[in-house]
2 protein chains.
Amino acid sequence: MNFKLEITEWFKSLQDSICNALEEEDANGSSNVSVKFKEDNWLREEGGGGRTRVFQNGNIIEKGGVNFSAVHGEVPAFLQNEGQTSSSIKDTFYATGVSIVIHPHNPMMPIIHMNVRYFEMSTGVWWFGGGIDLTPHYVNEEDARFFHHALKTACDKHDPKYYPDFKKWADDYFFINHRKETRGVGGIFFDKLTQSASCSKEQLFAFVQEVGNSFAPIYTALMAKNKNLPFTEANKQWQLLRRGRYVEFNLVYDKGTKFGLETNGRIESILMSLPKTAGWEYNFIPEPNSPEEKTLSLLKKGIDWV
Amino acid sequence: MNFKLEITEWFKSLQDSICNALEEEDANGSSNVSVKFKEDNWLREEGGGGRTRVFQNGNIIEKGGVNFSAVHGEVPAFLQNEGQTSSSIKDTFYATGVSIVIHPHNPMMPIIHMNVRYFEMSTGVWWFGGGIDLTPHYVNEEDARFFHHALKTACDKHDPKYYPDFKKWADDYFFINHRKETRGVGGIFFDKLTQSASCSKEQLFAFVQEVGNSFAPIYTALMAKNKNLPFTEANKQWQLLRRGRYVEFNLVYDKGTKFGLETNGRIESILMSLPKTAGWEYNFIPEPNSPEEKTLSLLKKGIDWV
């Protein structure tokens with residue numbers, strides 16, 4: 001089978017397995033409702049399409065999306081310096097991937113995001129990209145260490161340089177520059193991974209599969225651990241403000257979102273990452289020595305969580 | 001007196017008079033609390049500063065800001081093609097203005113925005129800019145006509161071409177391209193107005209003053225008219241979604257916000273425009289023939305409200 005189709009089929013199966021795992025874990029929440037992902041299949045006018053799956057008002061998850069897409073067409077203008085030939089034949093691209101954002105009800109449980117993607121052009125240029133990052137409303141250091149340890153374990157199976165390199169990349173990427181805050185406790189981020197003398201396409205694909213497969217065990221463990229933690233109305237207010245920051249990151253900096261908005265992507269699939277509710281309060285400053293102040297003090301680059 | 005200082009002082013006095021008018025009208029709301037603007041003075045490291053005034057949890061207004069600023073410094077890179085000299089002496093700029101966004105509690109009352117500004121460079125280049133636009137959660141055609149009629153009246157005192165030209169400019173500017181929706185019912189928008197054979201600097205300043213002075217009578221009238229309108233929980237939910245669109249416009253398209261974020265502006269003053277709460281729901285489609293559907297049908301360019 002054609003390698004790009006093999007990758008595509010694998011991303012589809014990843015979407016299936018993650019949706020199943022999240023539905024199963026959400027059913028263990030206390031409200032006893034049985035929520036399933038709602039699927040929308042869509043076609044892109046210029047070529048390809050996707051399978052958007054949205055989860056709303058579950059026991060544990062308030063709003064989440066697990067999206068698969070595989071699109072193709074003429075290479076967009078902003079990528080035309082990427083190894084393009086000079087012939088008059090228009091180069092084409094093919095892009096496929098899975099994108100996830102999960103917003104839980106409980107402010108003591110973190111928001112999570114993952115993306116894994118593959119891109120190739122008719123010129124022969126291709127690459128993998130992706131990342132996972134965790135955005136706690138309240139930073140729990142045990143959860144942050146668990147999260148980073150799981151990512152390091154996954155990375156180390158493939159290359160001992162991956163975790164330190166991609167952890168730093170995540171610190172730099174998931175950064176809200178105008179707030180001088182990281183979005184959360186980071187994770188890993190990588191882009192434009194292509195073959196080299198020491199690493200084949202098959203090896204890179206195996207790494208991306210490892211990352212994709214790490215998502216469900218990580219987040220279902222965090223769901224099970226945190227789902228019954230008590231919280232106050234003040235905690236919910238703080239959650240709104242942290243979600244506001246998430247909205248700021250996604251609309252101002254997130255490359256996937258910007259790419260989607262600028263290239264006439266399916267808007268409801270792109271913006272499924274936004275929370276059900278968010279808030280902004282003028283110049284909110286947490287109380288000294290509060291959990292909110294402690295969280296802000298940990299939203300910075302360069303913290304070693306392993 | 002130096003003209004730029006005269007303009008600056010007038011913008012300060014405009015901030016004062018608008019704050020007074022809004023406080024007075026808000027006190028006529030039903031909850032009988034007496035809320036005042038909270039003032040923060042700030043200095044900009046590179047030169048100048050501002051007077052941010054924020055109004056929170058009033059009777060009628062939930063969250064609003066009326067901000068004055070006057071900043072100066074070396075011309076930023078993105079403006080260096082605007083009539084710059086080729087000498088090695090760095091050109092400087094001076095920018096002053098008033099910016100307002102008001103978010104009411106009642107979903108039957110519109111959000112309003114106004115900006116008036118003056119910019120000059122040491123090269124001698126200068127211009128005025130500004131605009132007012134109205135963003136109803138539910139479009140009330142009587143209010144939209146009243147609003148546009150007031151703006152046309154103000155414009156027509158100065159130039160019969162202003163209203164049609166600047167109304168069209170507002171339709172194009174206050175447009176959420178990825179949603180294919182206007183932000184609201186528009187208003188007027190203008191930029192880089194400078195002197196010509198038929199129009200002096202004094203005449204342009206008089207026009208900008210007319211626009212600034214039109215704000216308080218327009219919005220206090222809309223506050224008085226709409227403050228006691230009944231609404232349901234479903235109306236509040238819709239307000240959250242419309243506020244979500246407001247957030248999308250401000251973070252993705254608004255030039256003042258983007259300029260502020262990119263030039264290390266005072267972040268809390270820039271983002272005072274964001275509502276206290278906002279929301280997103282996946283693929284929300286209003287009921288046929290509902291007020292929500294009617295509102296969406298009126299969020300388009302080119303509607304003649306006068």
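This is a predicted model: local features need pLDDT of at least 70, side-chain atom pairs count only at pLDDT 80 or more; totals for chains, interfaces and linings use all residues.
Let's start with strand E5 of chain A, which spans residues 111-121 and is mostly covered, with 11 of its 11 residues buried. Its side chains point two ways. A:Ile111, A:His113, A:Asn115, A:Arg117, A:Phe119 and A:Met121 point one way, while A:Ile112, A:Met114, A:Val116, A:Tyr118 and A:Glu120 point the other way. Residues pointing either way are buried, charged ones such as A:Arg117 and A:Glu120 included.

On the E4 side, strand E4(A) (residues 92-104) pairs with E5(A) in the antiparallel sense over 10 bridges. A hairpin of 6 residues links E4(A) to E5(A). Within this pairing, A:Tyr94 sits opposite A:Glu120 of E5(A).

Strand E6(A) (residues 126-135) also runs antiparallel to E5(A), again with 10 bridges joining them. Here A:His113 has A:Asp133 of E6(A) as its bridge partner. E5(A) and E6(A) form a hairpin with 4 residues between them, and A:Gly124 in that turn has a positive phi of about 105°.

## Helices H2 and H3

Who meets whom? From H2(A) come A:Leu151, A:Lys152, A:Cys155 and A:Asp156, and they meet A:Tyr162, A:Tyr163 and A:Phe166 of H3(A). By type, the residues of this contact divide into 5 nonpolar, 2 charged and no polar.

Technical notes. Residues are numbered from 1 along each chain as its sequence is written. Chains are lettered from A and ligands numbered from 1 in the order in which they are written. A residue is buried if 20 or more other C-beta atoms lie within 10 Å of its own, exposed if 12 or fewer, and partly exposed in between; C-beta atoms are placed from the backbone. Helices (H or I, at least four residues) and strands (E, at least two) are DSSP runs, numbered from the N terminus. Two strands pair if DSSP finds at least two bridges between them. Two residues are in contact if their C-beta atoms, placed from the backbone, lie within 7 Å.
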